[in-house]
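This briefing is meant to be read with the sequence and the coordinates at hand. Please look through both before going on to the notes below.

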Amino acid sequence: MLNSDLYLEAGARIHQLRTIKGYTREQLAAKAELSTKFLYEIETGKKGFTADVLYRIAKVLDVKCDYILAGSSGEDPCNLYINKMLNKYSDFQKRNVLKILELINEIS
């Protein structure tokens, strides 16, 4: 288990990622199969979490567990921003945006 400072830092990263992804606390809790109260306690560093809970949160937030735990994993903040923007679109629109990006990449 983590010590209280690490729980606080990990919780802050979870909160930041949740905000970037555009999820409410209720939405993330539901997707990770947690109670909203427990997620609040994790985000504020009041409660720790198991490896299983960490994995479920990381999977929903589309980051590696080590990013949540240590703030490292090679996660590019630009990728987080792009994901946030893409989450505003329907699946059809996302596919079109990706096609446009592929075309831009081909001419670069």
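Predicted model: local features only at pLDDT ≥ 70, side-chain atom pairs only at ≥ 80, totals over all residues.

The secondary structure of the protein comes to 7 helices and 0 strands, so that the order of elements from the N terminus reads α-α-α-α-α-α-α.

**Overall make-up**

- Of the 108 residues in the protein, 28% are buried.
- The protein exposes about 7000 Å², and carbon and sulfur atoms supply 56% of that area.
- Among contacts in the protein with a separation of 6 or more, 50% are made by residues 24 or more positions apart.

**The largest nonpolar core**

- The largest nonpolar core holds 21 residues, of which Ile14, Leu28, Phe49, Ile57, Leu61, Val63 and Ile68 touch the most other members.
- Two or more residues of this core come from each of helix H1 (4-21), helix H2 (25-31), helix H3 (36-43), helix H4 (51-61) and helix H5 (65-70), and H4 gives the most, with 6 residues.
- When residues up to four places away in sequence are left out of the count, Ile57 touches Ile14, Ala32, Leu34, Leu39, Ile42 and Ile68.

**Packing of H1 against H3**

- The axes of H1 and H3 lie 7 Å apart, and the two helices pack at an angle of about 120°.
- On the H1 side, Tyr7, Gly11, Ala12, Ile14, His15 and Arg18 take part in the contact, and they meet Leu39, Ile42 and Glu43 in H3.
- Sorted by class, the contact of H1 with H3 has 5 nonpolar, 2 polar and 2 charged residues.
- Ile14, listed in H1 for this contact, is also among the core residues that touch the most other members, while Leu39 and Ile42 of H3 are both touched by Ile57.

**The aromatic pair**

- The structure holds 1 aromatic pair, formed by Tyr7 and Phe49, whose ring centres are 5.6 Å apart and whose planes stand at 70°, so the pair is edge-to-face.
- Distant parts of the chain are linked by this pair, since Tyr7 lies in helix H1 and Phe49 in the loop between H3 and H4, 42 residues apart.
- Are the two partners buried or exposed? Tyr7 counts as buried because its relative accessibility is 10%, and Phe49 counts as buried because its relative accessibility is 7%, the cut-off for buried being under 20%.

Key
Residues numbered from 1 in each chain as written. Heavy atoms only, no water. Helix = DSSP H or I, 4+ residues; strand = E, 2+ residues; numbered from the N terminus. Buried < 20%, exposed > 50% of the residue type's maximum accessible area, 1.4 Å probe, protein only. Contact = heavy atoms within 4.5 Å. Areas by Shrake-Rupley, 256 points an atom, 1.4 Å probe, with all protein chains shown as cover. Core = buried A, V, L, I, M, F, W, Y, C linked by side-chain atoms within 4.5 Å. Axes fitted to C-alpha atoms, helices over the stretch in contact; angles between N-to-C directions. Nonpolar A, V, L, I, M, F, W, Y, C, P; charged D, E, K, R; others polar. Phe/Tyr/Trp six-rings, centres within 6.5 Å; stacked < 30°, edge-to-face > 60°.
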